[in-house]
Amino acid sequence: MARTIVPEAEEVLDRTFPVLDKGFVRLVDYLGGDSRIVQAARVSYGEGTKTIREDKGLIDYLLRNEHTSPFEMVSLTFHCKMPLFVARQWIRHRTAKVNEISGRYSILKEEFYEPQPEQVCLQNKRNKQGRGEPAGADLAQAFLNELREVQQKSYESYQKLIDSGLARELCRMVLPLNLYTEWYWTMDLHNLLRFIKLRLHPHAQWEIREYARVILDLTRRVAPMSCESFEEHWQGGVRLSRSEWKAIQPHLRAMFDQIELSDEKARERLREKLSESL
Ligand SMILES: Cc1cc2nc3c(=O)[nH]c(=O)nc-3n(C[C@H](O)[C@H](O)[C@H](O)COP(=O)(O)OP(=O)(O)OC[C@H]3O[C@@H](n4cnc5c(N)ncnc54)[C@H](O)[C@@H]3O)c2cc1C
């Protein structure tokens, strides 16, 4: 089979999709698509190409059952620009290949992320990692004034130190976490979907969720069937603990006949899950 060309992906190649106030995501290239996953998976069974409906069913089966290696045959490369604090979270996804702008080589631009006032919130009282209620106009304005003052002062220091002849790798130490950085980022589809699941989750910071949302839209262009199954089983599904399942399984069993599921196969899978003993 020749190189996979996906017309919907070709349409968005090299187009810049803005994220936050000065950031972006751009799909630079892709390798493979849904058809490559199907083709790779069928090596296991030695079968030829089937209908689109059967391909969709196979992809759904693979994803549902975490037979993930065929998804690693697809790879996407993005050019992304994001604040440093977002990049710190992003880089934890270790299976990517990354090349970032060098602050040792280049003079870093005076580009800082400034949140919209409605994104300026109080500390969440229940979730220690997150935002809570909006801070209100006065506090939001005070935060933004402080932020602007600090970033302006720090960039002036940076320029002064650069002009003094000091090495760029040292001068950058005065710059804050909301400075923008850029990188090329290549990820296989299996780990990319994992990244999207974790970084689209409401527990992830709002700013990185904005990037994950755009990345999912672009990934959908490359592998729409995989993304649909991902949304159904990984993103849209829930994981229950043993105790939770033990508590609700008998109730669901008892009311199985009243449960409406339009898809007969899905209904059969639910019946199987409900009949499994713990
Ligand atoms: C909401 C949220 C809050 C977080 N808070 C914190 C925090 O406070 N502090 C913090 O440090 N991190 C934090 N993280 C980061 C988190 O702990 C993970 O490091 C990050 O999400 C990457 O996940 P991953 O390991 O599945 O991804 P990847 O690194 O992309 O790994 C993908 C898969 O490959 C496997 N893998 C990759 N590298 C190795 C390896 N060397 N050895 C074995 N297996 C490997 C992983 O097990 C995983 O299954 C947070 C993440 C989220 C989503």
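How many helices and strands are there in the chain? In this predicted model, the chain contains eleven helices and seven strands. Its radius of gyration is 23 Å, well over the 19 Å given by the globule rule for 278 residues, so the chain is more spread out than a compact globule. The C-alpha trace spans about 70 × 50 × 30 Å along its principal axes.

The domain assignment divides the chain into domain 1 (1-108 + 180-237), domain 2 (114-177) and domain 3 (242-275). Between the centres of domain 2 and domain 3, taken over C-alpha atoms, the separation is 50 Å. Of the 278 residues in the chain, 23% are buried. Among contacts between residues at least 6 apart in sequence, 72% join residues at least 24 apart.

The buried residues in α7 are Leu189, His190, Leu192, Leu193, Phe195, Ile196 and Arg199.

Around the ligand lie Arg92, His93, Arg94 and Thr95, together with Asn191, Arg194, Leu198, His203 and Ala204. By residue class, this shell comprises two nonpolar, four polar and three charged residues.

Key
Residues are numbered from 1 along each chain as its sequence is written. This is a predicted model: local features need pLDDT of at least 70, side-chain atom pairs count only at pLDDT 80 or more; totals for chains, interfaces and linings use all residues. A residue is near a molecule or strand if its C-beta atom, placed from the backbone, lies within 6 Å of it. Ala, Val, Leu, Ile, Met, Phe, Trp, Tyr, Cys and Pro count as nonpolar, Asp, Glu, Lys and Arg as charged, and the others, Gly among them, as polar. Domain bounds come from an automatic or database domain assignment. Helices (H or I, at least four residues) and strands (E, at least two) are DSSP runs, numbered from the N terminus. The radius of gyration is taken over C-alpha atoms; the globule rule is 2.2 Å times the number of residues to the power 0.38. A residue is buried if 20 or more other C-beta atoms lie within 10 Å of its own, exposed if 12 or fewer, and partly exposed in between; C-beta atoms are placed from the backbone. Two residues are in contact if their C-beta atoms, placed from the backbone, lie within 7 Å.
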